[in-house]
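The following paragraphs are intended for a reader who meets this structure for the first time. Please keep the sequence and the model in view while reading.

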Amino acid sequence: MLMLTPIAYGLAIALIVLISFIGLRFLLAPRPAAAGYGVPAKENGDAAYLTIKGLRDFTYGVLGAVLLAFAGAHAVGWYMLAVAIAPLGDTLIVLRHGGTKAVAFGVHFATAVIVLISAALLFAV
């Protein structure tokens, strides 16, 4: 158990920092962020949806950080379990909207698996 603690917290912190960064990227550079997501934004598309994605992801990062700082490992484990829905949904969104299987599974589905592993580690602490 003692050896698992730094791994569990380290992975949780890394995921929280990464989702916060992704959110900020969508807020500050939405078109390149959308291309990295796997479904490029249309040139004349509605920028509001890109901003929504950025705000959603940044909020997930802030919430994860707050839980980690003030609620402990089990609360963050439940948080990770719940937010794994987002990358699973992102997998389907990329597949349904013309993105590649490589990005859908190699980025989004893989992220969901890592988030679920993080949840399991946090529950084990």
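A polar contact is a pair of N or O atoms within 3.5 Å; within protein, one of the two must be able to donate a hydrogen and the other to accept it. The model shown here is predicted, and in it the side chain of Lys53 makes such a polar contact with the side chain of Asp57, at 2.4 Å.

Lys53 belongs to helix H3, which covers residues 47-70. Is this lysine, Lys53, buried or exposed? Its relative accessibility is 14%, so Lys53 counts as buried, given that the term applies under 20%. When neighbours within four places in sequence are left aside, the residues in contact with Lys53 are Phe26, Tyr37 and Asp90.

The nonpolar interior may be considered next. In soluble globular proteins, nonpolar side chains tend to be buried together. Here the largest nonpolar core has 15 residues, and those with the most contacts inside it are Ala12, Val76, Tyr79, Met80, Val115 and Leu122. At least two residues of this core are supplied by each of helix H1 (4-28), helix H4 (73-83) and helix H6 (101-124). Its largest share, 5 residues, comes from H4. Another core, of 7 residues, lies apart from this one and has Ala33, Ala34, Tyr37 and Leu50 among its members.

Not counting residues up to four places away in sequence, Leu122 touches Ala8 and Ala12, together with Ala73, His74, Val76, Gly77 and Met80.

The aromatic rings complete the picture. How many aromatic pairs does a search of the whole structure find? The search finds 3. One of them joins Trp78 and Phe123 in an edge-to-face arrangement, with 5.1 Å from centre to centre and 70° between the planes. This pair links distant parts of the chain, for Trp78 lies in helix H4 and Phe123 in helix H6, 45 residues apart. Trp78 has a relative accessible area of 56% and is exposed, whereas Phe123, at 31%, counts as partly exposed.

Phe105 and Phe109 also form a pair: their ring centres are 6.0 Å apart and their planes stand at 65°, so this pair is edge-to-face, because planes over 60 degrees apart are classed in that way. Phe105 is partly exposed, with a relative accessible area of 41%, and Phe109 counts as partly exposed at 37%.

Technical notes:
Residues are numbered from 1 along each chain as its sequence is written. This is a predicted model: local features need pLDDT of at least 70, side-chain atom pairs count only at pLDDT 80 or more; totals for chains, interfaces and linings use all residues. Side-chain values use heavy atoms; hydrogens and water are left out. A nonpolar core is a set of buried Ala, Val, Leu, Ile, Met, Phe, Trp, Tyr and Cys residues joined through side-chain atoms within 4.5 Å. Buried means under 20% relative accessible area, exposed over 50%, partly exposed in between (1.4 Å probe, protein chains only). Helices (H or I, at least four residues) and strands (E, at least two) are DSSP runs, numbered from the N terminus. Contact means heavy atoms within 4.5 Å. Rings of Phe, Tyr and Trp (its six-membered ring) pair if their centres lie within 6.5 Å; planes under 30 degrees apart count as stacked, over 60 as edge-to-face and the rest as tilted.
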